[in-house]
Amino acid sequence: MIDPKGTPLSPGENMGLELQLGPALEARGLTLQDLSNRTSFDLPTLEAVERGEYRNYRITTLEALCNAIGCEVGELFASNL
């Protein structure tokens, strides 16, 4: 895979977008525990997401997170390019 600048990516390396739950949660006064209570995701899974241990997300997962947080999908991503 190649990033937008044309540089080859190593296996497991992302293309400059990182899922970040913290800012969206903080803006709404929510915690990861609150998010866990509102979704089918357990706290250890959400903590792993927050640490960046997951790279591939289904659209249904993103929708479930956004519905529970009350945000748009774009709010969950930060660019690291």
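The model is a predicted one, in which local features need pLDDT of at least 70 and side-chain atom pairs count only at pLDDT 80 or more, while totals for chains, interfaces and linings use all residues. Residues are numbered from 1 along each chain as its sequence is written, and side-chain values use heavy atoms, with hydrogens and water left out.

**Overall fold**

- The protein chain has 4 helices and 2 strands, where helices (H or I, at least four residues) and strands (E, at least two) are DSSP runs numbered from the N terminus.
- Along the sequence these elements follow the pattern β-α-α-α-α-β.
- Of the 81 residues of the protein chain, 31% count as buried, a term that means under 20% relative accessible area, with a 1.4 Å probe and protein chains only.
- Taking contact to mean heavy atoms within 4.5 Å, 57% of the contacts in the protein chain between residues at least 6 apart in sequence join residues at least 24 apart.

**Nonpolar core**

- A nonpolar core is a set of buried Ala, Val, Leu, Ile, Met, Phe, Trp, Tyr and Cys residues joined through side-chain atoms within 4.5 Å, and the largest one here has 17 residues.
- The residues with the most contacts inside this core are Leu-21, Leu-25, Leu-35, Leu-46, Leu-65, Ile-69 and Leu-76.
- H1, H2, H3 and H4 are the elements that give two or more residues to this core, and the largest share, 5 residues, comes from H4.
- Leaving aside neighbours within four places in sequence, Leu-76 is in contact with residues including Leu-19, Leu-21, Ala-24, Leu-65, Cys-66, Ile-69 and Cys-71.

**Helix H3**

- In helix H3 (residues 43–50), the buried residues are Leu-46, Ala-48 and Val-49.
- These residues lie on the same side of H3, because they cover an arc of only 155° around the axis, the arc being that of the directions from the helix axis to the C-beta atoms.
- What covers the buried residues of H3 includes strand S1 (17–19), helix H1 (21–27), helix H2 (32–38) and helix H4 (59–69).
- Just after H3, Gly-52 takes a positive phi of about 85°.

**Cysteines**

- With a disulfide defined as a pair of cysteine sulfur atoms within 2.5 Å, the count comes to 0 disulfides.
- Cys-66 is in no disulfide, and its nearest cysteine sulfur, that of Cys-71, is 3.6 Å away.
- Cys-66 is buried, with a relative accessible area of 5%, and Cys-71 is also buried, with a relative accessible area of 9%.

Notes: Buried means under 20% relative accessible area, exposed over 50%, partly exposed in between (1.4 Å probe, protein chains only).
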